[in-house]
Amino acid sequence: MREHASTVFGEMSALAVQTGSVNLGQGFPDTDGPDVVKESAIRAIREGRGNQYPPAHGIPELRRAIAEHQSRFYGIEIDGMTDVVVATGASEAIAAAMLALVDEGDEVVLFSPWFDLYAAVVSLAGGTRIEVPLIAGAFRPDAGALRAAITPRTRLLLLNSPHNPTGSVFTRAELEAIAAVVAEHDLWVISDEAYEHLVYTGSEHVPFATIPGMAERTVTIGSAGKSLSMTGWKVGWATGPTDLVAAVRVTRQHLSFVSGGPFQWAVVDGLALPDSYWASFRDGLERQRDLLCDGLASLGFPTTVPEGTYFATTDVRPMGYADGWAFCRDLPRRAGVVAIPHEVFHDDPDAGKPFVRWAFCKRPAILEEALTRLGRAFG
């Protein structure tokens, strides 16, 4: 695990504090989620619900709520008692699924750029990661390149849509092409769909498990932190067929065992919020996306407008920098802003060299301040 000893997020967040910079690097909102959900957690604490160890796989009420969520939004019918496991955030759910399904020496294929956690959990499982670059510039998946990367030792595809860090949302046609490769080579799939509710006008989130033939081989990851803007609560989950979820449960219970008892009760109420909440949540982030992307473009940054998540990507070469690392290390002192270089999301650093990721899950006033600072430095 030596290669994973430090993370870029820790380095850049520390640099933000040292320099008084606006932190558009780490992906967490600077406002809380709905008050009704917070009050639900407080009420659970006061009433003694969840203050002691909750059931190992999550309180039954939350498991049923997650199953109802999958049915309500996607028509996916699962049994909350057998096909759901609650975890300490989506991160633990991904790690537990990887440890459950991958043996030492197995190959794990993933599209790059990838969220840095993915590389670490493949290493924890003793697997070998094989990266398949998204189509350059457009950040779209290439099923042909995926097929070419698979060998007899390939065990699993780690899929992510809506995609961090690029903001791409894979289309149904793209997912069907990926599914054909998965079926051809009899792979397991971990589908990280933590940003499922952060999808903007003109795009649609299609759960991979809804593609014909994929439900029986896919573990789907969800996140209350992302969907309810409560990232510090660390409540996530994995859903899927009973046999795969049973395997994930075995490994997950030996990681954190249990966590977040009162928060689990609150997430039950959060997942039941009316459609108006989900629409307002999405629309607010879409406005923040447009504010940041329009501002960056006006300053001369070639900007890829994301279809989902809360991350935008720019090319820094027109700003006089050969690579994103140099730009991001210089930016706090030059402009008082922090961003994240794409290089850290690749095994081949040249693949992401000119690109930088910006988080727009911040209040409009904070985004405007960041743009003002960037304007002084680059305008």
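How many bridges join strand S9 (residues 303-304) to S10, and do the two run parallel or antiparallel? I found 2 bridges between S9 and S10, and the two strands run antiparallel.

**Entry 1: basis**

I worked on a predicted model, in which local features need pLDDT of at least 70, side-chain atom pairs count only at pLDDT 80 or more, and totals for chains, interfaces and linings use all residues. Residues are numbered from 1 along each chain as its sequence is written, and side-chain values use heavy atoms, with hydrogens and water left out. I took helices (H or I, at least four residues) and strands (E, at least two) as DSSP runs numbered from the N terminus. I counted two strands as paired if DSSP finds at least two bridges between them.

**Entry 2: strand S10 and its partners**

I noted that Thr304 has Thr313 as its bridge partner in S10. S9 and S10 make a hairpin with 6 residues between them, and in the turn Thr309 has a positive phi of about 65°. On to the next partner: S10 is joined to strand S13 (residues 355-359) by 5 bridges, again in an antiparallel run. Thr313 has its bridge partner in S13 at Arg357.

I then looked up the exposure of S10, with buried meaning under 20% relative accessible area, exposed over 50% and partly exposed in between (1.4 Å probe, protein chains only). Of the 5 residues of S10 (residues 311-315), 5 are buried. In a regular strand the side chains alternate between the two faces of the sheet. Phe311, Thr313 and Asp315 are buried on one side of S10, and Ala312 and Thr314 are buried on the other, which leaves both faces covered.

**Entry 3: the seven-strand sheet**

I traced an open sheet of 7 strands in the order S2-S8-S7-S6-S5-S3-S4, with mixed pairing. Its edge strands are S2 (84-87) and S4 (128-133), each of which pairs on one side only. Ignoring direction, neighbouring strands of this sheet are turned by 20° against each other on average; for angles, axes are lines fitted to C-alpha atoms, for helices over the stretch in contact, and values run from 0 to 180 degrees between N-to-C directions. S2 and S8 are antiparallel and joined by 4 bridges, and Ala87 has Gly236 as its bridge partner in S8.

Helix H9 (residues 242-252) lies across S2, S6, S7 and S8 and runs at about 25° to S2.

**Entry 4: pockets**

I searched for open space on a 1 Å grid over the protein atoms alone: a cavity is a set of points where a 1.4 Å probe fits but cannot get out, a pocket is an open set with protein on both sides within 12 Å along at least five of seven lines, and lining residues have an atom within 4 Å of a point. Grid points are joined across faces, edges and corners, and a volume is the space filled by probe spheres set on the points.

The largest pocket has a volume of about 520 Å³. It is lined by 26 residues, with Gly27, Ser91, Phe115, Lys226 and Lys234 nearest its centre. H4 (89-101) gives the largest share of that lining, 4 residues. I sorted this lining into 11 nonpolar, 10 polar and 5 charged residues, counting Ala, Val, Leu, Ile, Met, Phe, Trp, Tyr, Cys and Pro as nonpolar, Asp, Glu, Lys and Arg as charged, and the others, Gly among them, as polar.

The second largest pocket holds about 430 Å³. Among its 20 lining residues, Glu3, His4, Ser6, Asp116 and Val344 lie nearest its centre. H5 supplies the largest share of this lining, 4 residues. The lining divides into 9 nonpolar, 4 polar and 7 charged residues.

**Entry 5: cavities**

I recorded 2 cavities of 30 Å³ or more in the whole structure. Of its 14 lining residues, Val86, Arg252, Val258, Ser259 and Gln264 are the closest to its centre. The second largest cavity contains about 40 Å³, and its lining includes Gln70, Tyr74, Glu193 and Trp237. S7 gives the most to this lining, with 3 residues.

Technical notes: Contact = heavy atoms within 4.5 Å.
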